[in-house]
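Dear colleague,

I am passing on the structure below, together with a short account of what was found in it. Please look through it before reading the notes that follow.

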Amino acid sequence: MEHHPQAWLAEAASAAQQQGPGILLRVVLIVMVVGCVLVAWFLLRGYKRDD
């Protein structure tokens, strides 16, 4: 059995077109959540007092 990278790439591209914006939306949401957590951590870290 031979390996044809062009055929695999074309198959992956057609599968990605059929899925629609689902993957992109998931990535954007994950990045937003991680960004919010980092911003909250950074802001709350400034309010910590070492008495």
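The chain exposes about 5300 Å² of accessible surface, and carbon and sulfur atoms supply 68% of that area. Please keep in mind that this is a predicted model. Of the 51 residues in the chain, 0% count as buried, and the secondary structure consists of two helices and zero strands.

Helix α2 covers residues 22–46, and I30 lies within this helix. An unreviewed UniProt entry lists residues 23–44 under "transmembrane region"; in the model that span is 100% helix and 0% strand, with its end C-alpha atoms 32 Å apart.

I30 also belongs to a nonpolar patch on the surface, which it forms with V34, L38, V39, W41, F42, L43, L44 and Y47, and these residues together have about 1000 Å² of accessible area.

As for the aromatic side chains, a search of the whole structure finds zero aromatic pairs.

Definitions and conventions. Residues are numbered from 1 along each chain as its sequence is written. This is a predicted model: local features need pLDDT of at least 70, side-chain atom pairs count only at pLDDT 80 or more; totals for chains, interfaces and linings use all residues. Side-chain values use heavy atoms; hydrogens and water are left out. Patches are made of residues with over 30% relative accessible area and no salt bridge: like charges are joined within 9 Å, nonpolar side chains (Val, Leu, Ile, Met, Phe, Trp, Tyr) within 5 Å. Accessible areas come from the Shrake-Rupley method with a 1.4 Å probe; for residues, only the protein chains shown count as cover. A salt bridge is a side-chain nitrogen of Lys or Arg within 4 Å of a carboxyl oxygen of Asp or Glu. Helices (H or I, at least four residues) and strands (E, at least two) are DSSP runs, numbered from the N terminus. UniProt positions are given in the numbering used here, feature names are shortened, and annotations may be inferred rather than shown by experiment. Rings of Phe, Tyr and Trp (its six-membered ring) pair if their centres lie within 6.5 Å; planes under 30 degrees apart count as stacked, over 60 as edge-to-face and the rest as tilted. Buried means under 20% relative accessible area, exposed over 50%, partly exposed in between (1.4 Å probe, protein chains only).
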